[in-house]
Amino acid sequence: GKEQELSEDLLVKLVRLLAHMAISPTAGPQLSKSKGIRSLVTILEGADAVWSEELVLNVVSALTNLSYYVEQEGVIWECREQIAEGLAPMLFSDNDEAVLEAARAFGNLSREASTRLVMHGVRVDEAVVLLLDHTKHEVVAAVAGVLVNLSADRRCAGTIVHTDGIGALLET
């Protein structure tokens, strides 16, 4: 009802504020270590069933900004595999903003070897090759960055070569 709408509206605004604060080089690293960030991961994991598109987009944006500061003692680090698994379906969203934010997050997350393995397991490496044909230049640029990071990993590089990701990248 009305109370639930107001609660979700407030949550959207708080998550949006968090996403903006995460851009700060001072606040971002501190926020990425905060235990409360686990709530964003929980929302992401239930994205399909429960939440509005606006809330999910703001959660993905916040996680993207926070994933820039992946540090081994932070919550983002601890949840990086769950985040990668939760973001993978966003690459196939009809919403270009969701695709772009997920690709940006994968650009940050793919800097780390164990996360690249998870990305390979949920076929993100294949998805980003397909996204080289996306109509939005920003998406193509973001997935190109992901491909550069993934190509440093033998497991992912094999998939990139097998799916002609190099050829597709050169054609963009």
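**Pockets and a helix pair**

User: Which residues line the second largest pocket?
Analyst: This is a predicted model, where local features need pLDDT of at least 70 and side-chain atom pairs pLDDT 80 or more, while totals for chains, interfaces and linings use all residues. Residues count from 1 along each chain as its sequence is written, and side-chain values use heavy atoms, without hydrogens or water. A pocket is an open set of 1 Å grid points where a 1.4 Å probe fits, with protein on both sides within 12 Å along at least five of seven lines, and lining residues have an atom within 4 Å of a point. Here the lining is Arg16, Ala19, His20, Ile23, Glu54, Leu57, Asn58, Ser61, Asn65, Glu97 and Glu101.

User: Which helix gives the largest share of that lining of the second largest pocket?
Analyst: Helices here are DSSP runs (H or I, at least four residues). At least two lining residues come from each of α1 (2-21), α4 and α7. The largest share, 5 residues, belongs to α4.

User: Are α6 and α7 roughly parallel or antiparallel to each other?
Analyst: Helix α6 (residues 80-87) packs on helix α7 (residues 96-109) at an angle of about 150°, with axes 10 Å apart. Angles over 145 degrees count as roughly antiparallel. The two helices, α6 and α7, are therefore roughly antiparallel.

User: Which residues of α7 does α6 meet?
Analyst: Contact means heavy atoms within 4.5 Å. From α6 come Arg80, Ile83, Ala84 and Leu87, and they meet, in α7, Ala102, Ala105, Phe106 and Leu109.

Definitions and conventions: Axes are lines fitted to C-alpha atoms, for helices over the stretch in contact, and angles run from 0 to 180 degrees between N-to-C directions. Angles under 35 degrees count as roughly parallel, over 145 as roughly antiparallel, 65 to 115 as roughly perpendicular and the rest as oblique.
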